[in-house]
Amino acid sequence: MIQYLWFDLGYTLVKMNREEVYQKVLGEFDVYRSQEEIALAYHRTDKLFMREYQGVLGKDSRAFLPWYVGALNYKLRLSLPIEDVVHVYRKLASEFPLQWTAFDGAKETLGELKNLGYKLGLISNWDQTARVVLENNGLVEVLDEIFISSEVGLEKPDPAFFRLALEKANVTSNQSLYIGDNYYDDVIGCQKVGMHCLLINPYGNCGTEELSYQPVIRGIQDVATYLGHPQQRLEVN
């Protein structure tokens, strides 16, 4: 019997306005790509890094930005000078800041799950800005427990991180369900402690073609349905 729902943060509860910013970057080189094309390229690049360079995305982006931009441009079928693109990216990012905002309906979905009787928690690999992101998006008030890697000195997929959260919340792995978008952090970590995981991929299996893992959901709006509850019509502010 599932009593506790645990969530990842980035690209599970919140997203970044990176497509908008990168579209402006490409405009400086007289190149146009739609925000939908850029979003898919970001998604595919994220999945590449999750698979091949595990743990890198959670680190300081200055260390891997040129590397990442090269892969991103490849996904966009572009051949642009990486150093020039990175320079423009950093310049425009200061004028058009990258910001983390909740997915449409995320807070309302969490509220509905809470009304259904579930406890809600966060287990996330994130730096010291996690609390600010949560507070800015009104998510702190709907979460019962919050565990952030930079605060506890542990990172997914280390089973000790999951065990710490389960112990503090006084719940077992069998009573818990995790929802996240990174197979190598989330699913693998959950498997090490016997917790089931819903893997988020809004593009089906795009970017994760090497995996046969199920179940895969589009986003947290599908969690209640997966748990056997009729889909609710949520009022999004």
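Asn182 lies in the loop that joins strand S6 (176-180) to helix H9 (183-193). Helices (H or I, at least four residues) and strands (E, at least two) are DSSP runs, numbered from the N terminus. This is a predicted model: local features need pLDDT of at least 70, side-chain atom pairs count only at pLDDT 80 or more, and totals for chains, interfaces and linings use all residues. Residues are numbered from 1 along each chain as its sequence is written, and side-chain values use heavy atoms, without hydrogens and water.

**Asn182**
- Asn182 is buried, at a relative accessible area of 10% (buried means under 20%, exposed over 50%, partly exposed in between; 1.4 Å probe, protein chains only).
- Its side chain reaches the backbone nitrogen of Tyr184 at 3.0 Å.
- Beyond neighbours within four places in sequence, Asn182 contacts Met50, Val187 and Leu199 (contact: heavy atoms within 4.5 Å).

**H1 on H4**
- Helix H1 (residues 18-27) packs on helix H4 (residues 82-95) at about 125°, with axes 9 Å apart (axes are lines fitted to C-alpha atoms over the stretch in contact; angles run from 0 to 180 degrees between N-to-C directions).
- H1 is therefore oblique to H4 (under 35 degrees is roughly parallel, over 145 roughly antiparallel, 65 to 115 roughly perpendicular, the rest oblique).
- Val21, Tyr22, Lys24 and Val25 of H1 meet Val85, Val88, Tyr89, Leu92 and Ala93 of H4.

**H3 on H4**
- Helix H3 (residues 65-75) packs on H4 at about 105°, with axes 10 Å apart.
- That makes H3 roughly perpendicular to H4.
- Leu65, Pro66, Val69, Gly70 and Asn73 of H3 touch Ile82, Val85, Val86, Tyr89 and Arg90 of H4.

Technical notes
A polar contact is a pair of N or O atoms within 3.5 Å; within protein, one must be able to donate a hydrogen and the other to accept it, and residues adjacent in sequence count only if both atoms are side-chain atoms.
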